[in-house]
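Dear colleague,

Please read them with the coordinates open beside you.

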Amino acid sequence: MKNNYKFISGVLSILFSGILLQSCKHKEGEYHSINDKIEAKSKNYHGTVISSEEFTGDLKTVEITEGSHTFLIPERKSQIKSYACTECHTKPLDQMHGVDLNDGQKAHWDVKLIHAQENTMNCVTCHDGKNTNALKSITGAGIDFNKSYQLCSQCHSKQFEDWKGGAHGKRIGGWAPPRVSMTCVNCHNPHQPAIQPKWPARFNTQKVRERK
């Protein structure tokens, strides 16, 4: 038994020595450890720059800070076709009387409000009747059109918190800085915010045959 034990021990020692000798070969692609490999591979590495700027293109943005999050959002006012509102609304809304809305085409005829119950929401729920160039909170505080998400956050607080952290909504260019995130109104129609169902695109086999 002792002789067998010595024999086995000797064989294992030879094998282990061979493994050590083989692992110490300094050929290309062979390293003592993963740390050695990382050190060798990064010897001539001087870093790289990853940025989302190339994806934003000519998009106008404004910087906002909400809580501990500072990032960019698309500038909106220059994209609103009927802004500034005071170009047409020369008086506060409560002074605009005697207008027959059924007489011909009314203003904002193309806007249909499907957001909440009709008895709880109308135009002046969100739009400031005294300063039509601004939105207003439920407490009457003015909200800039570029920050309309502050209006949405009053009711949609959970989605707002997720959006601030980047879990809700769409980021432009991925997670690389600078962070640019779409706002609520970039994806949702503020007057009809529900996302309508869509049929999936179907693979067109006829077009494939025509290309052959």
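The notes below go through the hairpin, the salt bridges, the aromatic rings and the nonpolar cores.

Please keep in mind that this is a predicted model, in which local features need pLDDT of at least 70 and side-chain atom pairs count only at pLDDT 80 or more, while totals for chains, interfaces and linings use all residues. Residues are numbered from 1 along each chain as its sequence is written, and side-chain values use heavy atoms, with hydrogens and water left out.

Hairpin

Strand 1 (residues 61-66) and strand 2 (residues 69-74) pair in the antiparallel sense over 6 bridges. Strands here are DSSP runs of E with at least two residues, helices are DSSP runs of H or I with at least four, and both are numbered from the N terminus; two strands pair if DSSP finds at least two bridges between them. Across this pairing, E63 stands opposite L72 in strand 2. The hairpin has 2 residues between the strands, and G67 takes a positive phi near 65° in it.

Salt bridges

Side chains of opposite charge can pair when their charged atoms come close. With a salt bridge taken as a side-chain nitrogen of Lys or Arg within 4 Å of a carboxyl oxygen of Asp or Glu, the structure holds 3 salt bridges. One of them joins K77 to D144, with the closest N and O atoms 2.9 Å apart. This pair links distant parts of the chain, 67 residues apart, since K77 is in the loop between strand 2 and helix 4 (123-126) and D144 in the loop between strand 4 (142-143) and helix 5 (149-152). For accessibility I use relative accessible area with a 1.4 Å probe and protein chains only, where buried means under 20%, exposed over 50%, and partly exposed in between. On that scale K77 is partly exposed at 22%, and D144 is partly exposed at 33%.

Helix 6 (residues 157-165) holds both K158 and D162, which lie 4 residues apart, about one turn of the helix, and their side chains meet in a salt bridge at 3.5 Å, N to O. K158 is exposed, with a relative accessible area of 59%, whereas D162 is partly exposed at 29%. K164 forms a salt bridge with E161, the closest N and O atoms being 3.3 Å apart, and these two residues are 3 residues apart in helix 6, about one helical turn. K164 counts as buried at 11% relative accessibility, while E161 is partly exposed at 46%.

Aromatic rings and charges over them

Rings of Phe, Tyr and Trp (its six-membered ring) are paired if their centres lie within 6.5 Å, and planes under 30 degrees apart count as stacked, over 60 as edge-to-face and the rest as tilted; by this rule the count comes to 5 aromatic pairs. The rings of Y149 and F160 have their centres 6.2 Å apart and their planes at 15°, so they are stacked. Y149 lies in helix 5 and F160 in helix 6, so this pair ties together parts that are 11 residues apart in sequence, and both residues are buried. F160 also forms a stacked pair with W163, at 6.1 Å centre to centre and 25° between the planes; W163 is buried as well. Ring pairs link F71, Y149, F160 and W163 into a cluster.

A charge sits over a ring if NZ of Lys or CZ of Arg is within 6 Å of the ring centre and within 35 degrees of the ring normal. R179 lies over the face of F71, at 3.7 Å from the ring centre, and the charged end of R171 sits over the ring of W175, 3.9 Å from its centre.

Nonpolar cores

Taking a nonpolar core as a set of buried Ala, Val, Leu, Ile, Met, Phe, Trp, Tyr and Cys residues joined through side-chain atoms within 4.5 Å, the largest one has 7 residues in all, namely I80, C85, C126, L135, I143, F145 and L151. A second, separate core of 6 residues includes I64, F71, I73 and Y149.

Best regards
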